[in-house]
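Here is a short briefing on the structure below.

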Amino acid sequence: MDEARDLIDQCVSGATAVDVLCIEGSLLRGPRGTGGFHRFGGGAKPMIEWVRQIAARARHVVAIGSCSSWGGITAAGINPTDACGLQYDGEAGGGLLGPDFRDPGGLPVINVAGCPPHPDWITETLAALAHGSLRAEHLDDYGRPRFFADQLVHHGCPRNEYYEFKASAHKPSDQGCLMEQLGCKGTQAHADCNQRLWNGEGSCLRGGYACIRCTDPGFEEPGHAFSTTPKIAGIPLGLPSDMPKAWFIALAALSKSATPARVRENATADHMLRAPSVKRTKK
Amino acid sequence: MSPESTRRIVGPFNRVEGDLEITLDIAEGRIAAAYVNSPLYRGFEQILQGKMPADALVLVPRICGICSVAQSAASALALADAAGIEPPKNGRLAANLTLATENLADHLTHFYLFFMPDFARADYAGRPWHAATVERFRATVGSAPNQVLPARARFMQMMGLLAGKWPHTLAVQPGGSTRPLQSSEIFRLHRTLREFREFLETVTFGARLDEVAVIAGRAQLDVWRARPGGGDLRAFLAIAEDLDLWHLGRGTDRFMSYGCYREEDRRLFPAGLWHGAASALDIAAIDEDITHAWYAAAGLPQHPATGSTLPVAEKDGAYSWCKAPRLAGQVVETGALARQVVAGHPLARDMIEGHGGSVAARVVARLLELALVLPAMERWLTELSPGEPWCITAPTAEETLGVGLIEAARGSLGHWITVRRGRIHNYQIIAPTTWNFSPRDAAGQPGALEQALAGLPASATKALPAAIHHVVRSFDPCMVCTVH
C-alpha cells in the first residue's frame, strides 16, 4: 500500500537504486494510446508511464515472459488493449521503450520469453546479471538469453524415434510424433524444454501435447488452429529449423517406408503395444 | 460521500495476484463505504471471439499463472458440454488430480506466503505471539517460506507427470487427458503425495490429516488446538482468538459453490447455495451487472451465455473493470469456506453459525480442504487403470453452446461458450474474485468484499490498520482472473 507506493516513487526519483527492473505482463497502450487499461493501483498514472520512468533509471531491464517480451497472448485476436512488449511489438523492434533502448551498460531489454518461461531461465538470467557476466553476445537476435534460446524443443524429445520414422499421433493421448498432425513446432522452437524439463520430469511433449513455439514473437497468432498442423499437398508448412524442404520430403518418404511395425503401432496407441525386441548375443 | 467523511485511496496491494485498489470513505473513525477497483482490463473475451473453439484451451489458461489449470478445466468442460461428450474414467480422474494439485498448492501458498506475513507487521509488536510470528512468517526471510517453497515445488512435480508442466498445460482436454500414465509413474505420484502428506501432518497441522478432517465444530477445534502437536494451524488459531478474527470481515452470508471433482455418480464437493439453509443452485439466475463497471451496456444485466464485453474509457458512476455478477439479484461469496459450507462439512457450518463468514473461518476452511482433498487424491490414483482409455475425441458442432462450471481454489469459476459457423461467437467468463470483489450493482448493493470492509475502524490520516489487509487477503483474491 503506502509503503509500496513510497518505494516505487523512490525508484522513479532515483533515491532508491534499481538493479534490475523485471516486468511481467504486456504493456497496455490502449485505449487510444492513454494506457488507461492498466493503471497502477493508488493513483491515476498508467502502468506504461511508471515502466518508462523506472526503465530509464534501472541498471538492467528484463522482460519476464512472452507478454512483456513481445505482447504475447494479450496481443492475440483484435488486440483489444493495444498490448506490446517492452522492446518488441510482435516481431518488430520497438514496443514501449523503442528499438534503440539500451541500459547504462549497453544491453537491450533482456527477453526471458516463454508462456510461461521456465523458472530456471529467470533465475539463471538474474544470476548472470548479478554476477556481471551477461554481455550482449549472450543474447540472440530477439534479445533472449542464448543459454536456453540456442536450443530447440526438439532436442531431447522422448518422441524422437517416432519423429525419425514419421510415425505420427492422430489424436490426443497417442504416443507418436505430434509434428505431422497435431501442430507440434518443437523442431523450430527455441527453448531447452526437453533437456531441462518442467516440474520434475515434464515438458509439453512429455505431457502429450504440441509445442506451440511460445518463446517466439507472434506465437499467439499461428494462422491455424493450435493443435492442427497446416499442410500443403500433405507437407507440413513449418519444417524443422535449417532443413531444406526437398530433403525433408525425401527423408520423410524414405523413413515412412522404413517404419518398423512396433513404432507404427505404438504411435497411435496410448500405451506400448509392442516392446522393442530383445536380442541375444550368444547362441 | 457525506460531507463529514474523508476519502482515501488504498493501493497497490502486495502479496495479491494482480492489481487492486480500494477507495475508502471514512467517517467517525470507521469505514463508511468501500469501493473495490480492479484497475486493469485485459480483453480475453474479446480475443477469443472468432477463434476455433479448441484454441480456447491455449488461450484461457493464460489468463492466470496461478489459476491456470482451473481455467483449462472450465474451458474443457464447456467444450465437452458443447460437443456432448464425457471423458473416460481415466481422463476424469486425471482432471481431478490435476485440478486438486493446483488448488491445494494455492491454499498452501495463500496461507504461508500471502496471508500469514501480515501478522509479522510492527503493528502487532507486544502481542504475546508476535516474536514467534516474525521468526516464522515474515515475508521472504521467515523460517516458514523457506520450508514451504521447497515442499510446494516438490508437490508441484505432480504436474510434470500429470500435465507435462504447470502452468499452462494442454493435457486437460474435453475428452480426457493427453497424458496416459503407466503404473510406475502412478507409483511416483503416490510417493509425491506421501511426501506432501508428511509435510502437512508435521509442519502445518501437527496432526494426522484424518484427525483434522473430522473436527466437527468450533468447540472441537478449541479442544484440538489445546492438544500438543504444534504446527502452523495451531499458531494461527491462537492469533485468531487473540485478535478476534472470528468476528472480522463478515460478508454477505450467502455462500455459493458450483461443485467440483467429479466421481462415479457424484461430485466430491456438491454444487449448491447456502443462506441459513441449503438450496439448489439455479445457474439460469446468474447475471452480470455493469452499472458501475467500465463497459458499454445494452441496459439490463445479462446472463453470461448472452453477455457482452465492450470496454469504454469513460462512464459516469463506473469505478472498476470488474463486472458485478449476481445470483437472482443477490451478492454471494465464493471460495473454500463457501464450498465446505455448501458441502455440509460440520466445522464449516459451525464456523459461520451466528456470526457469519469471517477472516478466521475463510482461512481455516482452506486448511481443512488440504486435509479433505489429499486423501481423495490418493484414492483417485489407485482408481487409475493403465491400458484403459484416457482420452476420446469428438468434433465440435458448427452451431452449439456449452457451459463449464468448476471450483478453483478461490471459488466458483464459469465459462460460457457459443459456437457459430464453427467459430467462437461469444465466450464469457465469471471468475471467483469477480464474485467476491465485484463493484456495486444497479440496486446499489456493494460486492462481498465491499460489505466485509464496511464498519472497520480506520483513520482518515494515520496508517490504516492491518485488519484491512486481513479482510482483503482472507478472500485470496486473484485480480488477473477477475478482469480477464
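K166(A) is buried: 22 other C-beta atoms lie within 10 Å, and 20 or more count as buried. The model is predicted. It scores ipTM 0.97 and pTM 0.97.

*Positive phi*

- Most residues other than glycine have a negative phi.
- K166(A) sits in the loop between α6 (160-164) and α7 (193-196) of chain A.
- L197(A) is not a glycine either, yet its phi is positive, about 70°.
- The loop between α7 and β8 (231-232) of chain A holds L197(A).
- L197(A) is partly exposed, with 18 other C-beta atoms within 10 Å.

*Cis peptide bonds*

- Most peptide bonds are trans.
- In chain A, the bond from G30(A) to P31(A) is cis, and omega is near -10°.
- P31(A) lies in the loop between β2 (27-28) and α2 of chain A.
- In chain B, G11(B) and P12(B) are joined by a cis peptide bond with omega about -5°.
- P12(B) belongs to the loop between β1 (6-10) and β2 (21-27) of chain B.

**Chain A: a helix with a buried face**

- Helix α2 of chain A spans residues 47-55.
- Its buried residues are M47(A), I48(A), W50(A), V51(A) and A55(A).
- Viewed down the axis of α2(A), the buried residues fall within an arc of 160°, so they line one face of the helix.
- An α-helix has 3.6 residues a turn, so residues three or four places apart point the same way.

**Chain A: a parallel sheet**

- Three strands of chain A make an open sheet, ordered β1-β3-β7, with parallel pairing.
- β1 (20-24) and β7 (110-112) of chain A are the edge strands, each pairing on one side only.
- From one strand to the next, the twist averages 20°.
- Helix α4 (residues 119-131) of chain A packs on this sheet and touches β1, β3 and β7 of chain A.
- The direction of α4 makes about 155° with that of β7(A).
- β1(A) and β3 (residues 60-64) of chain A run parallel and are joined by 5 bridges.
- V20(A) has H60(A) in β3(A) as its bridge partner.

**Chain B: overall fold**

- Chain B contains 18 helices and 16 strands.
- Its radius of gyration is 22 Å, close to the 23 Å given by the globule rule for 484 residues, so chain B is as compact as a globular protein of that length.
- Its C-alpha atoms fill a box of roughly 60 × 55 × 40 Å along the principal axes.
- Buried residues account for 59% of the 484 residues in chain B.
- Of the chain B contacts between residues at least 6 apart in sequence, 71% join residues at least 24 apart.
- The pLDDT of chain B averages 96, and 99% of the residues score at least 70.

Key: Residues numbered from 1 in each chain as written. Chains lettered and ligands numbered in written order. Predicted model: local features only at pLDDT ≥ 70, side-chain atom pairs only at ≥ 80, totals over all residues. Buried ≥ 20, exposed ≤ 12 C-beta atoms within 10 Å, placed from the backbone. Helix = DSSP H or I, 4+ residues; strand = E, 2+ residues; numbered from the N terminus. Arc of directions from axis to C-beta. Pairing = 2+ DSSP bridges. Axes fitted to C-alpha atoms, helices over the stretch in contact; angles between N-to-C directions. Contact = placed C-beta atoms within 7 Å. pLDDT = per-residue confidence, 0-100. Rg over C-alpha atoms; globule rule 2.2 N^0.38 Å.
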